[in-house]
Amino acid sequence: MPSHSNGNLSMVYIQDFVLEGFGGSLETQTLLFTLFLALYMVTLLGNILMIIIITLDARLHSPMYFFLKNLSFVDLCYSSVITPNALANIFSSSKVITFTGCATQFFFISLLATTECFLLGVMAYDRFMAICSPLSYPSTMCQSACTRLVLGAYCGGCFNSVVQTSFTFHLPFCSSNHINHFFCDVPPLLQIACGNTAINELLLFGICGLIIVGVMFVILISYGYITVTILRMRSGAGRRKVFSTCGSHMTVVTLFFGTAFVMYAQPGAIESMEQGKVVSVFYTLVIPMLNPLIYSLRNKDVKEAMRRLSQKHMAVRRMCCW
């Protein structure tokens, strides 16, 4: 590693990082590997199945399911950016990740997490338009408008990712190359930086806090109007259908924003790395696994689409046997 001397300060510029991950005995590491692998496989299966069902079933070609398909894609990519490398490092003796590899992983994590945040806001707005303005809904949420909203979510995620990545990886990392985490994230990277991290912490809490509060404001306003509309409904069946659809989304919103706030939008998050690791497992593995389960188990349309797809598959198998 190249070094530079400045008076009494000798700085060694880091070319590789070591992801410490979780400590413990061989039995603990084996248990973690089994747990991570099981969660990841369920995440892959659930999100890929959701994408296939929505793509193949014409009855699900609506704005709500278009956004849900994009949410599944983001969850699939998000978990895949982190989990395979984390699994490989559990039994690795070196646990090394290059500077470029760490920056690349960091960029995509920030991009996908922020995009998911915006998508959840878009999905709340979609439900608001569908329930509160059903007559103007088809024209307002046309295909081009839905595409622009999704592209806007990705652009917002890209902007935040570029800012966070550029500011974080322009810091001098000279005190240590050991990252107290199982992937490259802002808080553990700021801990090992030897420069002034005040601007980075301000950006972390400022931008992430602004995004979380802004999107939550959109969601709360949307569901405030939705609640008023539901209370005015005379049909019990209509109320149950709306509650079923919106209940799934609110469950996902609560899980996502609760963990995001604990991790990024409160002072002191940078110091509590051990707590951060546990929370990170939840939002990198558990939430992407739960999202398709929540939407499929609580959504009648998705369950019926799964049944139709299964029936078509069985019919094809019978034709092949004959």
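**Cores, ring pairs and salt bridges in a predicted model**

Ring pairs link F17, F99, F106, F169 and F173 into a cluster. The structure is a predicted model.

Q: What makes the pair of F22 and F36 edge-to-face?
A: Ring planes over 60 degrees apart count as edge-to-face, provided that the centres lie within 6.5 Å. The rings of F22 and F36 are 6.2 Å apart, centre to centre, with 85° between their planes. A search of the whole structure finds 17 aromatic pairs.

Q: Which parts of the chain does the pair of F22 and F36 tie together?
A: F22 belongs to the loop between β3 (16-19) and α1, whereas F36 is in helix α1; the pair therefore ties together parts that are 14 residues apart in sequence.

Q: Why does F22 count as partly exposed?
A: Partly exposed covers the range between the limits of 20% for buried and 50% for exposed. F22 has a relative accessibility of 21%, so F22 counts as partly exposed.

Q: Why does F36 count as buried?
A: Buried means under 20% relative accessible area. The relative accessibility of F36 is 3%, and F36 therefore counts as buried.

Q: Why is the pair of Y78 and Y283 called stacked?
A: Planes under 30 degrees apart count as stacked. The planes of Y78 and Y283 stand at 20° and the ring centres are 6.4 Å apart, so this pair is stacked. Y78 in helix α2 and Y283 in helix α9 are 205 residues apart, and the pair thus links distant parts of the chain. Y78 and Y283 are both buried.

Q: What makes D126 and R127 a salt bridge?
A: The limit is 4 Å, and the closest N and O atoms of D126 and R127 are 3.1 Å apart. This pair therefore qualifies. D126 and R127 are both buried. A search of the whole structure finds two salt bridges.

Q: Which residues have the most contacts inside the largest nonpolar core?
A: In this core of 64 residues, they are F36, L68, L120, I226 and F257.

Terms used: Residues are numbered from 1 along each chain as its sequence is written. This is a predicted model: local features need pLDDT of at least 70, side-chain atom pairs count only at pLDDT 80 or more; totals for chains, interfaces and linings use all residues. Side-chain values use heavy atoms; hydrogens and water are left out. A nonpolar core is a set of buried Ala, Val, Leu, Ile, Met, Phe, Trp, Tyr and Cys residues joined through side-chain atoms within 4.5 Å. Buried means under 20% relative accessible area, exposed over 50%, partly exposed in between (1.4 Å probe, protein chains only). Rings of Phe, Tyr and Trp (its six-membered ring) pair if their centres lie within 6.5 Å; planes under 30 degrees apart count as stacked, over 60 as edge-to-face and the rest as tilted. Helices (H or I, at least four residues) and strands (E, at least two) are DSSP runs, numbered from the N terminus. A salt bridge is a side-chain nitrogen of Lys or Arg within 4 Å of a carboxyl oxygen of Asp or Glu.
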